[in-house]
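Start with the structure itself.

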Amino acid sequence: MDFPSTQFVPSRIMGTYQPIHQIGMWGENFKSIGNPSISASVIVEVDNKLENESETASHEMPAPSCKHDQEASKPFDKIQRRLAQNREAARKSRLRKKAYVQQLESSRLKLMQLEKELEQAREQGLYIGGGLEAGHLGFSGAVSPGIAVFEMEYKHWMQVQNRQLGELRTALNAQISDIELRIVVENGMSHYFELFRMKSTVAKADVFYVMSGTWKTSAERFFSWIGGFRPSELLKVLVAQLDPLTDQQIFEVCNLKQSCQQAEDALSQGMEKLQETVSATLAAGQLGQGTYFPQVAMAMEKLEALVCFVNQADHLRQETLQQMSHILTTRQAARGLLALGEYIQRLQDLSTLWATHPREPA
Amino acid sequence: MDKVMRLATERGVVLFSKSSCCLCYAVKILFQELGVTPTIHEIDQDPEGREMERALMRLGCKAPVPAVFIGGKLVGSTNEVMSLHLGGGLIPLLRPYQALC
């Protein structure tokens, strides 16, 4: 057989490795321009582009081989996709490790600088109460490894979330069985539960990080309630999308809305009490004397309860989703998950738009 | 343990709490919203508080407080109460003890 170009390896199977090698280099290029957070969809696009290029070139081969190509391309795509996924996973793993190491190193530098400043302050008699660890004083900028890991995992979580939303869309438009749809729904639910687990872990490392919602976009943070969405807000968004509901469903949703609101109110008031308690503890004794470590230490103890509240809030979110999935049919649940996911996407787009739209100069 | 069980079965709705615990405060608010007045035992103000704390942990509570008993049976802590409520199971349990006002 006569091959039009010597760039392509004779065997069709071997031919796919070439575009893959090029993708590997793409990945490296993107990394070197300091943009590790390239989304999976871009990589896949690049994948497809190069795949198409190699296929069009191969069509220059004699006709009989062309037909063979079309049949062979199906398992081919699967192999290629799997290889791309493996590469993706390995790349993500490398990125995670790199981020972790970078955070550790910058934390180390920060710590050294803080120790120096502390020493200077002590020498000048400005600081009474030696032997304090930097951690107690809550300097912003000292990032814990737990946060670095969470941020990497969250980026990955978001990618999977977007992929699942695509699957939901496809599944709802296609004529798939209820059983298959149920699986898609269960995956979506588990994915949210996974996020709650991740948050629980990082809350132990730094609860303020979770409370401030730093990993989320600005519009999402605007709606933040104890480190995430208000469950009642979730219900509001969901229910509006779910007509028609049966009378029984309307009754059950009504009850859920009410109990959800009551639980939310209880936690909100508990949080207010916590703020009052911490504030009162911190302000105890005379302000202005300069010695205050006991108050700070006691306030810290009170603040431990914040972790419990964050966990309770997430628990409430999870229960709300669970109960809804019990009330709804599989199809409704699928539409609900899609609606929720897209609502969040809109919030994220709002944040981007807000950040980039031109404003009046000050 | 005896004291805890005695107190737990003495009244219909019993809450073991600590006066400084804000999560306990949240549970109290929830009961208020549901029209129920639980019998509250602040174990940090009880001379046998330590013992009671241990007893509650032995009953299976991860955190000793808040601990809710309804009809003499342990419902659980905040998690269990919230789950029960959202699932619609809390109000039926509380019905016999809701305020008659």
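B:Val68 stands opposite B:Gly76 in β4(B). The model is predicted.

- Strand β3 of chain B covers residues 67-70. It pairs with β4(B) in the antiparallel sense, over three bridges.
- These two strands belong to an open sheet of four strands in chain B, in the order β2-β1-β3-β4. The pairing in this sheet is mixed.
- The edge strands are β2 (39-42) and β4 (73-76) of chain B. Each of them pairs on one side only.
- From one strand to the next, the twist averages 25 degrees.

**Helices on the sheet**

- Helix α2 of chain B, residues 22-33, packs on the sheet. It touches β1 (13-17), β2 and β3 of chain B. Its direction makes about 160 degrees with that of β1(B).
- Helix α4 of chain B, residues 78-86, also packs on the sheet. It touches β3 and β4 of chain B. Its direction makes about 90 degrees with that of β4(B).

**The buried side of α4(B)**

- Which residues of α4(B) are buried? They are B:Thr78, B:Val81, B:Met82, B:His85 and B:Leu86.
- These residues cover an arc of only 125 degrees around the axis, so they sit on the same side of α4(B).
- An α-helix has 3.6 residues a turn, so residues three or four places apart point the same way.
- The cover over the buried residues of α4(B) comes from both chains. Chain A contributes elements including α10 (247-283) and α12. Chain B contributes elements including α2, β3, β4 and α5 (90-94).
- Just after α4(B), B:Gly88 takes a positive phi of about 85 degrees.

**Chain B overall**

- Chain B has five helices and four strands. From the N terminus on, its elements run α-β-α-β-α-β-β-α-α.
- Chain B has 101 residues, and 49% of them count as buried.
- Among contacts in chain B with a separation of 6 or more, 61% come from residues 24 or more positions apart.

**Backbone exceptions**

- Most residues other than glycine have a negative phi, and most peptide bonds are trans.
- The peptide bond from B:Val65 to B:Pro66 is cis, with omega near -5 degrees. B:Pro66 has its place in the loop between α3 (49-58) and β3 of chain B.
- A:Ile226 is not a glycine, yet its phi is positive, near 45 degrees. A:Ile226 lies in the loop between α8 (218-222) and α9 (231-240) of chain A.
- Is A:Ile226 buried or exposed? A:Ile226 counts as buried, because its relative accessibility is 8%, under the 20% cut-off.

**Nonpolar cores**

- The largest nonpolar core holds 81 residues. The members that touch the most others are A:Tyr154, A:Tyr192, A:Ile226, A:Leu267, A:Phe309, A:Met324 and B:Phe16.
- Helix α6 of chain A, residues 178-205, gives this core its largest share, eleven residues.
- A second, separate core has 15 residues. It includes B:Leu30, B:Leu34, B:Val68 and B:Leu94.
- Leaving out residues up to four places away in sequence, A:Phe309 touches A:Ile226, A:Leu267, A:Gly270, A:Met271 and A:Leu274 in chain A. In chain B, A:Phe309 touches B:Cys22 and B:Leu23.

- A:Asp314 is found in helix α12 of chain A, residues 305-327. A:Arg317 lies in helix α12 of chain A too.
- A:Asp314 counts as buried, at 5% relative accessibility. A:Arg317 is buried, with a relative accessible area of 2%.
- Beyond four places in sequence, A:Asp314 is in contact with A:Phe196 and A:Lys199.
- With that separation again, A:Arg317 touches residues including A:Phe196, A:Lys199, A:Trp225, A:Ile226 and A:Pro231.

Conventions
Residues are numbered from 1 along each chain as its sequence is written. Chains are lettered from A and ligands numbered from 1 in the order in which they are written. This is a predicted model: local features need pLDDT of at least 70, side-chain atom pairs count only at pLDDT 80 or more; totals for chains, interfaces and linings use all residues. Side-chain values use heavy atoms; hydrogens and water are left out. A nonpolar core is a set of buried Ala, Val, Leu, Ile, Met, Phe, Trp, Tyr and Cys residues joined through side-chain atoms within 4.5 Å. Buried means under 20% relative accessible area, exposed over 50%, partly exposed in between (1.4 Å probe, protein chains only). Contact means heavy atoms within 4.5 Å. Two strands pair if DSSP finds at least two bridges between them. Axes are lines fitted to C-alpha atoms, for helices over the stretch in contact, and angles run from 0 to 180 degrees between N-to-C directions. The arc is that of the directions from the helix axis to the C-beta atoms.
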